[in-house]
Amino acid sequence: MSLVRLNIKGISYSQTQNGAYALILSEVDGERKLPIVIGAFEAQSIAIALEKEIKPPRPLTHDLFKNFADRFEIVVKQVIIHKLVDGVFYSSLICERDRIEEIIDARTSDAIALALRFQAPIFTYKNILDKAGIYLKGDKQEEEEEQEKEDIIVDELFSNEIEMKSNDPDYKKLSLNELNNMLDQAVKSEDYEKAARIRDEISKRQ
């Protein structure tokens, strides 16, 4: 079976599901996307790894794993999403130490959070992409239109419709200075999900 390399396109959260997230992976040499349901903690960890400017005051679990691996000279060479059963993706970490390669089973969300920290490539098998991959069409149309399609896909990944409640202020109404202060506070309180959203709003203005 041939391997297909994937890139991380981003993380979408459900507009109708509280705490529902999907990691969107995209085919490197194609147009298909692979949406994978992940938990809030893993979504935060992946978002932090993607957003270089947010630095947690203390290491997260995946950072601890990376520090531990570095200390004992273990390298994660690549991640392979190798199986899909009943909507659940299974992954493996391909690791190496002293030129000896080991394969370690991992949840896909954890595997990708670690792949980011080790700068390791992510792969899946063609048959998995054929089965679960989706097309987000568009001749390079507006990013907002594509984002709307992704949001619909995320919502369809969940069966129950629960209205999402948020106590976050309308970030668009805040000044950059206020947003930067809120970002600092969110990082200090280790609310990385909120920090990622604030950082997104700051990035839009730069």
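This tour moves from the nonpolar cores of the structure to its aromatic rings and the charges over them.

The model is predicted, so local features need pLDDT of at least 70 and side-chain atom pairs count only at pLDDT 80 or more, while totals for chains, interfaces and linings use all residues. Residues are numbered from 1 along each chain as its sequence is written, and side-chain values use heavy atoms, with hydrogens and water left out.

Begin by selecting Leu25, Leu34, Ile81, Phe89 and Leu93, the residues with the most contacts inside the largest nonpolar core, which has 32 residues. Such a core is a set of buried Ala, Val, Leu, Ile, Met, Phe, Trp, Tyr and Cys residues joined through side-chain atoms within 4.5 Å, where buried means under 20% relative accessible area, exposed over 50% and partly exposed in between (1.4 Å probe, protein chains only). Apart from this core lies another, of 14 residues, among them Ile48, Met182, Leu183 and Val187.

Next, select phenylalanine 89 and show its contacts (heavy atoms within 4.5 Å); leaving aside neighbours within four places in sequence, its partners include Leu34, Ile81, Thr108, Ile128 and Ala132.

Then turn to phenylalanine 68 and phenylalanine 72, whose ring centres are 4.9 Å apart with planes at 40°, so the pair is tilted. Rings of Phe, Tyr and Trp (its six-membered ring) pair if their centres lie within 6.5 Å, with planes under 30 degrees apart counted as stacked, over 60 as edge-to-face and the rest as tilted. Phenylalanine 72 is partly exposed, at 41% relative accessibility.

Finally, select lysine 66, whose charged end sits over the ring of phenylalanine 118, 5.1 Å from its centre; the criterion is NZ of Lys or CZ of Arg within 6 Å of the ring centre and within 35 degrees of the ring normal.
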